[in-house]
Amino acid sequence: MTATPHPVTVDRAVGSLLTMAIGESLGFLVAGEGTAYAADFVKHSVTAHEPPWLEKDDYGFGQYAIDTQLARELGRAVIESKGFTPVLFAARVGDLFRTN
């Protein structure tokens, strides 16, 4: 069985990155907590259609973490080189950690 690949379009790429960033931002707030805490968070904050204005440690709502940062740099590297160049991606990741 082979899957037919879907063409990559700008709107699909942007949508994928934004969806990942939103998921990571919400998940960041419950990372390391138990399943009951996470379920309660979803029930009272996410499904209630109210933004979860919560903080975790010193990070406020909307904090994005390493997965989103790496995906952003991968996208920028692919756009810049019009393909995938591992050296360019590695340089971008190195710059990211040197400046942040």
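In these legends, Ala, Val, Leu, Ile, Met, Phe, Trp, Tyr, Cys and Pro count as nonpolar, Asp, Glu, Lys and Arg as charged, and the others, Gly among them, as polar. Everything here is a predicted model, where local features need pLDDT of at least 70 and side-chain atom pairs count only at pLDDT 80 or more, while totals for chains, interfaces and linings use all residues. Residues are numbered from 1 along each chain as its sequence is written, and side-chain values use heavy atoms, with hydrogens and water left out.

View 1. Along the sequence the pattern reads α-α-α-α; helices (H or I, at least four residues) and strands (E, at least two) are DSSP runs, numbered from the N terminus. The mean pLDDT (the predictor's confidence in each residue, from 0 to 100) is 78, and 79% of the residues reach 70 or more. Of the 100 residues, 19% count as buried, meaning under 20% relative accessible area, with exposed being over 50% and partly exposed in between (1.4 Å probe, protein chains only).

**View 2. The largest pocket, with about 350 Å³ of space.** Closest to its centre, out of 13 lining residues, are Ala13, Val14, Gly75, Val78 and Ile79. The elements giving two or more residues to this lining are α1 and α3, and α3 gives the most, with seven. By type, the lining splits into nine nonpolar, two polar and two charged residues. Points are joined across faces, edges and corners, and the volume is the space filled by probe spheres set on them.

**View 3. Threonine 68 in helix α3 (residues 66-81).** Is this threonine 68 buried or exposed? Threonine 68 is buried, given its relative accessible area of 8%. Leaving out residues up to four places away in sequence, threonine 68 touches Leu17, Met20, Ala21 and Glu24, where contact means heavy atoms within 4.5 Å.

**View 4. Leucine 29, a buried residue at 5% relative accessibility.** From leucine 29 to phenylalanine 41 is 12 residues in sequence and 9.0 Å in space, C-alpha to C-alpha.

**View 5. Lysine 82, in the loop between α3 and α4.** Most residues other than glycine have a negative phi. Lysine 82, though not a glycine, has a positive phi near 55°. At 78% relative accessibility, lysine 82 counts as exposed.

How values were computed. 1 Å grid on protein atoms, 1.4 Å probe; cavity = no way out; pocket = protein on both sides within 12 Å on 5 of 7 lines; lining within 4 Å.
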